[in-house]
Structure formats: structure tokens, C-alpha cells
Amino acid sequence: MVESERLKVLGKGPRREGPVAYWMSRDQRVDDNWSLAAAQEMALARKAPLAVLFCLVPAYKGASRESFAFMLGGLIETARELARRKIPLVFLRGDPAVEIPRWVGEGAVSVLFCDFDPLREKKRWQEAVASKIGIPLFEIDGHNVVPCRFASPKQEYAAYTFRPKMKRLLPRFLKEIPSVERHPFRWPDEKEGERSLKVLAESLALLPAPQAALGPPGALAARSRLARFLDEGLARYDERRNDPNGEGQSGLSPYLHFGQISAQRVAFEVSRADVADEAKEAFLEELVVRRELADNFCLHNDAYDRFEGFPDWARKTLDDHRGDERPFLYDLPALEAARTGDPLWNAAQRQMVLRGRMQGWLRMYWAKKILEWSPSPEEALERAVGLNDRYELDGRDPNGYAGIAWSLGGVHDRAWPERPVFGKVRYMNLAGARRKFDVDAFCRSIPPFE
Ligand code: FAD
Ligand code: FO1
């Protein structure tokens, strides 16, 4: 039974007979998917057929072709898994605000479910769809362990204000997720799923293979990545995660971003693992507290990727230091091509472009240097968001907007001793990095661009 706290009614309509559909977008998996489970629960109660829709938006947020390949690779697996359960995955292309209402109307669908997503593009699509379909549109939050709208009704100031709420609510929500069964009521057009799978495979064939650094896309690969992390990485996560020369992190972020694995499943397995509590707590702090705090930030702050979204103290201090002389100024092409005077920054940038994934500690350093080297905080923000969204496999995610806003604009952080350019926003430098890890070894480990 899907908890009512996960549900929000985005659109109303008269109760009528007919198929049920789920518009999949952020949670691209079959297992551990609350939206799909809710849609099937209703379809079974009504003895109605069930379909899953996915609408491909070819230029979505400037994502790289490798990111699209990662997503479509995972979707093909999802479509096959759905077919085994007699549920077609219908693959549409174009503007969801047009394509979803058209398909819903043609199929005489009676109820539509969708994923919770705090980003503005998604909110716009959902509002447009709700206004056009004339049937109920139900949003389900299956991306967060604790449903985001329920966890807190306002923008949280920092992790220390959010953490106690999460700690209190987690035991209530950290439980098994209903599985999706073979659906007993057939979709009227039995060939629809097969046709979509063919178009999906053709679309994927036009794209380059995703970067191999992480392993293949999809729910199965995500599960084996998790299993490996539980066996080999979790026990030492708290000591190793900040070392760019090691493999101390889980590598799960692209799978979580595309919803190829459920955060609730990961949290569940981690909380049951036979390792020291410190390691589990360190990991759950990132996976649950920080990740869900990022959704809270984007949901309640419309300016999540703009200067206006920074807290008052940070805007004031950055304003006070607008006129400060920058030690170096680089333009966007120099940054993109990793041609700065800082070898560590260049290696981090190359890691992101070549492998689709920059190590976590380096992301903070990388973003802060863009602030130091740009003519204004606004331009720094635009560059950091643009590069992150283009090249990171896990980019275009609330975590990215919150991480960049933390680095450049003190979001979820506090004021630090004042210094040029940064004002009271926390500062990082190469000497500090050298004290933490072997910077030269890291730089040598990332090849130059060809
Ligand atoms: P692990 O350390 O294994 O952590 C497990 C999971 O916890 C991650 O997959 C992620 O979902 C979550 N998590 C970890 N650290 C954070 C964090 N600081 N904030 C929120 N959630 C976290 N994360 C993205 O998913 N997409 C982005 O585009 C992104 N851009 C970032 C940009 C900057 C400037 C900064 C400072 C951070 C950014 N992060 C982003 C957050 C974090 O760096 C990555 O989630 C993490 O490095 C991904 O690697 P992993 O899956 O191995 O993480
Ligand atoms: N969601 C969609 O519904 N359709 C898409 O075509 C699509 C493309 C896409 C490409 C890269 C990427 O990182 C995300 C993409 N998403 C797409 C959205 C994604 O599933 C997430 O919902 C948000 O980016 C994060 O909340």
C-alpha cells in the first residue's frame, strides 16, 4: 500500500472507466518504484490495463550524448522488464506538454500517475499536462526515502535543521517497497510495447557508448555496483570518501539520478549491513540527509540556480567583494578545455569531461575556483551549472544545483573569516588540497585531452 504522504493531487477530473498510465521520468526502474506500484494498485482495483509512458526530450538541459546513452541504455532494460510483467513501455518523443496529453486522450486513459521532481522544467511540464488532460494526475514521491513535501514544508536553513526531522521520520519510511506483479489486464494494443522498444533501440544506436569508467547503465548494473560497495567500500567509506586518489565513494550517483536504483533500497541495504555504525552513518548522511536536503532546496527556492537563490548574508558579502581584483580571469573556453594555471583544477575538469564523473571532494574545489576566476558571481554560477549539467553523468540534478550553490553562495553553509573575492563564503586552495592528498599523483592519473 502506497503511503498517502507520497501522494499529491496535481490535477482533478471526473471518475471514469479506462486504462491507467504512469508517466515515468525521474524514476526509470521497475522494482522499488512507488509511482509504478501506486499505478498498478489502482489498475488492479479497477480491473484496468496499465501502461508506462516515457517522453524523450532530445535537447534536455544540454545533456551530453553520453548521458542520453546512459539513460536510454537503462530504459531499454526497464522496457524489457516491464514487458515480462505484461506492462508496455510507450516511448514518446517531443514536448511532454504536447505528447503526453495527446497520447492520454487517444488511449482514453482514466488516471495518470507521475514522479515527484522539484526542478522547474518538470513542474512546468506537469502543470501543462494537468491543465490539458481532464483526468486526475497523481504525483508520487518515490525518489526520496522520506517524501520531500512531507519532510519539511519550507526551505531548510542547513543540514543541522533538516537532520533531526529526517532522523525522526526515517524509521517510519525506511521499509520494504511493494513489488510490481505480472499485470492481469492486457493493454488494448498488444504491439505498442514492442514498437516502442524498437524505436528506443534505434535511438540508442545513434548515440556514442556511455563512458566506461562506471560500468554499464541500468537497474542490474546499479544493483551489482551496490553489492560491490556493500562488500568492499562501505566499511571504510568514512575514511576514504574524500580522497580523489582512491575509490572510496559508491559511484551510485548516475544510477540514482536516472532512478535506475531507488535510494530507499540503497538506504535499506546499507542500514542492514554488517559494518561499524560510523561508516553507515557517514554514508546515510550523504545519501539521505544531503541528497534529500538538495530536493528540499530546489522545491522551496525557485532561484536554485541563480544568485538570487543564495542566502542574504552570502549575497551581501559577494556584493561587497564584486570590485576585488581576481588573481586570474579565465573565459569559458579556457575552463572547458582545462587550460588554467592550476594543475589540480585542470585534472578535475578533464576527469569530468573524459569520464563523466568528478570525485566528490574535487567538485567543491572545482566550483570554488570558478568563482575566484570569473568576473562576477553570476557568471561563475552560470559557468559552473552549465559545465556540470553538460558533462556530469549525474548532472541536471537537484544535488548539482545545491552543491554549486553551497560552493559559490554559502547555501546550507555558514559565514567564514572574510577574504578577497569570496567575502565570507568558505574558501579552498591548492595548498589545502596538498595537505589532504597526493595532488600530483591525482593529476598524473587523468590523461590529457587528445
Ligand atoms: P557517494 O559518496 O557514494 O554518496 C552516495 C550518494 O549520496 C550519492 O550518489 C548522492 O546521491 C548522495 N550524495 C553524496 N554527496 C552528496 C552531497 N554533497 N550532496 C547531495 N547528495 C550527496 N551530485 C549529483 O548527484 N549530481 C550532481 O550534478 C552533483 N554536482 C555537484 C556539484 C558540486 C559543486 C558539489 C560540491 C557536489 C555535487 N554533487 C552532485 C554531490 C556529490 O559530490 C555527488 O553526489 C557524489 O560525489 C557522487 O558520487 P557517489 O555516488 O560515488 O557518492
Ligand atoms: N526526463 C524525461 O522525462 N525525458 C527525457 O528525455 C529526459 C532526458 C534527460 C537527459 C539527461 C538527464 O540527466 C536527465 C533527463 N531526464 C529526462 C530527467 C531526469 O530523469 C530527472 O528527472 C531530472 O534531471 C532530475 O530531477
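Modeller: Let's begin with what covers the buried residues of α11: the list includes α1 (34-46), α6 (159-173), α8 (219-232), α10 (253-257) and α12 (277-300). Helices (H or I, at least four residues) and strands (E, at least two) are DSSP runs, numbered from the N terminus. This is a predicted model, where local features need pLDDT of at least 70 and side-chain atom pairs count only at pLDDT 80 or more, while totals for chains, interfaces and linings use all residues. Residues are numbered from 1 along each chain as its sequence is written, chains are lettered from A and ligands numbered from 1 in the order in which they are written, and side-chain values use heavy atoms, with hydrogens and water left out.

Colleague: Which residues of α11 are buried?

Modeller: Buried means under 20% relative accessible area (1.4 Å probe, protein chains only). Here that applies to Ala263, Gln264, Arg265, Val266, Ala267, Phe268 and Val270. Seven of the ten residues of α11 (residues 263-272) are buried, so the helix is largely enclosed by the rest of the structure.

Colleague: Thanks! And which polar side-chain atoms lie by an oxygen atom of ligand 2?

Modeller: A polar contact is a pair of N or O atoms within 3.5 Å; within protein, one must be able to donate a hydrogen and the other to accept it, and residues adjacent in sequence count only if both atoms are side-chain atoms. In this model, a polar side-chain atom of Asp117 is 2.7 Å from an oxygen atom of ligand 2. The side chain of Arg396 has an N or O atom 2.6 Å from a ligand 2 oxygen, and a polar backbone atom of Cys55 lies 2.9 Å from a ligand 2 nitrogen. Of the 520 Å² that ligand 2 exposes when taken alone, the protein buries 100% (accessible areas: Shrake-Rupley method, 1.4 Å probe).

Colleague: Which element gives the most residues to the shell around ligand 2?

Modeller: That is β3, with three residues. The elements giving two or more are β3 (50-56), α2 (65-84) and α4 (120-133).

Colleague: What about ligand 1: which backbone atoms does it meet?

Modeller: A backbone N or O atom of Gly251 is 2.6 Å from a ligand 1 oxygen, and a polar backbone atom of Asp394 is 2.9 Å from a ligand 1 nitrogen. The protein covers 92% of the 820 Å² of accessible area that ligand 1 has on its own. Two or more shell residues each come from α10, α12, α16 (360-372) and α18 (398-409).

Definitions and conventions:
Buried < 20%, exposed > 50% of the residue type's maximum accessible area, 1.4 Å probe, protein only. Contact = heavy atoms within 4.5 Å.
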